[in-house]
Amino acid sequence: MEISKREEEYLEAIYLLYKRKGIIRIKDIAKKLRVRPPSVVDALKKLSEKGLVEYEKYDRILLTEKGREIAEKTYSKHLLLTEFFINILGIPPEIAEEDACQFEHYVHEITAERIREFAKYIQEQCPYVIKQFIKEHIEKEEKKSKDSSKVEEV
């Protein structure tokens, strides 16, 4: 069964809302994904037809077993990528979070597993190298920031 990246986003949003609130409402999904409620209803109908959610108008919204599996895999990639961007590459958390939201839908399982293995290896074998790498990049960013503020003052 073919699942679009957007459908993955809906499944992940439903999964996270259920974990946080226990109850999933159309308006909560719309707010989380920054879409209008009618778009959510259309997506839920399609996901229901694919057997990924249980949805009836004015009734509860639930992930099926298959829908939950897809949502958990997607969210797992999201967490992995966010941590990798922050802890290995030294990317600021807000940027890492935003990038992870995009990358998670395009990263193959094999690639995600290799990133996981690499992160573990580098953290265990070369913790000093990571700290030095991040420190140097933070210093570069601070220097850029100071240089750009000097230019603005002139």
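**Entry 1: conventions**

I take contact to mean heavy atoms within 4.5 Å. The model is predicted: I read local features at pLDDT of at least 70 and side-chain atom pairs only at pLDDT 80 or more, while totals for chains, interfaces and linings use all residues. Residues are numbered from 1 along each chain as its sequence is written, and side-chain values use heavy atoms, with hydrogens and water left out.

**Entry 2: the whole chain**

I looked up the secondary structure and found seven helices and two strands in the chain (DSSP runs numbered from the N terminus, helices being H or I with at least four residues and strands E with at least two). From the N terminus, the order of elements reads α-α-α-β-β-α-α-α-α. The chain is more spread out than a compact globule, because its radius of gyration is 20 Å, well over the 15 Å that the globule rule gives for 154 residues (C-alpha atoms; the rule is 2.2 Å times the number of residues to the power 0.38). I noted the spans of the C-alpha trace along its principal axes as about 60 × 45 × 25 Å.

I then looked up burial. Of the 154 residues in the chain, 33% count as buried (under 20% relative accessible area; exposed is over 50%, partly exposed in between, with a 1.4 Å probe and protein chains only). The accessible surface of the chain is about 10,800 Å², and 54% of this surface belongs to carbon and sulfur atoms (Shrake-Rupley method, 1.4 Å probe; for residues, only the protein chains shown count as cover). For contacts between residues at least 6 apart in sequence, I recorded that 57% join residues at least 24 apart.

The charge count gave 30 positive and 31 negative side chains, with the centres of the two sets 3 Å apart. Lys and Arg are the positive ones and Asp and Glu the negative ones, without His and the chain ends; the places used are NZ of Lys, CZ of Arg, CG of Asp and CD of Glu.

**Entry 3: residues 1-64**

I checked the record: UniProt, in an unreviewed entry, lists residues 1-64 as "domain: HTH dtxR-type". UniProt positions follow the numbering used here, feature names are shortened, and annotations may be inferred rather than shown by experiment. Over residues 1-64 I read 59% helix and 9% strand, with the end C-alpha atoms 15 Å apart.

I went through helix α2, residues 26-33, and found D28, I29, A30 and L33 buried. Against which elements do the buried residues of α2 pack? They pack against α1 (5-21), α3 (37-49) and β2 (61-63).

R34 sits in the loop between α2 and α3. I noted its phi, near 55°, as a positive value in a residue other than glycine. R34 counts as exposed because its relative accessibility is 79%.

**Entry 4: helix α4**

H78 belongs to helix α4, residues 65-88. Is H78 buried or exposed? H78 is buried, because its relative accessible area is 5%. Leaving aside residues up to four places away in sequence, I listed E12, E97, A100, C101 and E104 as the residues H78 touches.

I70 is also placed in helix α4, and it is buried at a relative accessible area of 13%. With residues up to four places away in sequence left out, I70 touches I3, E8, L11 and L52. I also took the pair I70 and Y15, which are 55 residues apart in sequence and 9.7 Å apart C-alpha to C-alpha.

L79 lies in helix α4 and is partly exposed at a relative accessible area of 34%. L79 and E104 are 25 residues apart along the chain, with 8.9 Å between their C-alpha atoms.

K66 has its place in helix α4, and I logged it as partly exposed at 42% relative accessibility. From K66 to P127, 61 residues apart along the chain, I read a C-alpha separation of 38 Å.
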